[in-house]
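Good morning, colleagues. Please look at the sequence and the model on the screen, and I shall then take you through selected parts.

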Amino acid sequence: QAKKNLNRLIKEILTEGEMHKLIATPCENPDIFRAVIFSLQTGLRFIDVRKLRYENIKGNNLEIVQSKTKVFISKPISANALKAIGNVDGRTGYIFTMRSYNGNRLSHNGVNKHLKQWALDAGINKKITFHCLRHSYSILNLKNHSLKDVADSMGHTSTNMVQSVYSRYDVEAAEKMANMQPDLLGLKKSVPINPVAEDADKQIE
């Protein structure tokens, strides 16, 4: 159990710059390309992206009962997400079929293999899976929106999960905290603050 929890803590996320790098890089599967854009723009889980139907799109709104939580969500989606879907008028059936070369629908692992190679092609040296896109959505949006708003947009019934993810990946806050620690060795000044700091510096060397 401890090992499983540790693995959850080290999931990768895409920064906004890496998102742009990924989308600017050709993907060998056009349907995965569209599905990734949609997930980055909505935070929807793989299982829900996979089952998403044209009937779930009502104008500029997404309406779906989430497979994992059984929670119904209805929310506006971005122009980018709508572009990834394409023309909805009069269409029915699955939006993102994500098929392999032989025509079969790819499994979750199959899609992740494509995503892994695509990220490498984009020069992104991270182990990116489809679920990482959901984390990336939450972290990016927490920079400009409240914890509750982001949690609601992702279909969470509380803010606990989003808060947990944010605390793991808020690199800027972590760096700020690190830089505010006491300067015990006098590294921010041209001379040590005191002899004790100088002695400590020598011990480290």
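Let me begin with a definition: two strands are said to pair if DSSP finds at least two bridges between them. Helices (H or I, at least four residues) and strands (E, at least two) are themselves DSSP runs, numbered from the N terminus. What we see is a predicted model, in which local features need pLDDT of at least 70 and side-chain atom pairs count only at pLDDT 80 or more, while totals for chains, interfaces and linings use all residues. Residues are numbered from 1 along each chain as its sequence is written, and side-chain values use heavy atoms, with hydrogens and water left out.

I turn to the sheet. Three strands form an open sheet in the order E1-E2-E3, with antiparallel pairing. Strand E1 (57–58) and strand E3 (72–76) stand at its edges; each has a single partner strand, so one side of each is left without a neighbour in the sheet. Strand E2 (residues 61–65) runs antiparallel to E3 and is joined to E3 by five bridges. Which residue of E3 is the bridge partner of Asn61? The partner is Pro76.

Next, the helices. Helix H3 (residues 30–42) packs with helix H7 (residues 130–142) at an angle of about 35 degrees, and their axes are 7 Å apart. Here, axes are lines fitted to C-alpha atoms, for helices over the stretch in contact, and angles run from 0 to 180 degrees between N-to-C directions. Contact means heavy atoms within 4.5 Å. On the H3 side, the contact is made by Ala35, Val36, Ser39, Leu40, Gln41 and Thr42; H7 contributes Phe130, Leu133, Arg134, Ser136 and Tyr137.

Helix H6 (residues 108–121) has 14 residues, which at 1.5 Å a residue should span 20 Å; its end C-alpha atoms are 20 Å apart, in agreement. That expected span is 1.5 Å times one less than the number of residues. Just after H6, Gly123 takes a positive phi of about 80 degrees.

Finally, Thr97 lies in the loop between helix H5 (79–85) and H6. Is Thr97 buried or partly exposed? Thr97 is partly exposed, because its relative accessible area is 23%. Leaving aside residues up to four places away in sequence, Thr97 touches Asp31 and Arg105.

Technical notes: Buried < 20%, exposed > 50% of the residue type's maximum accessible area, 1.4 Å probe, protein only.
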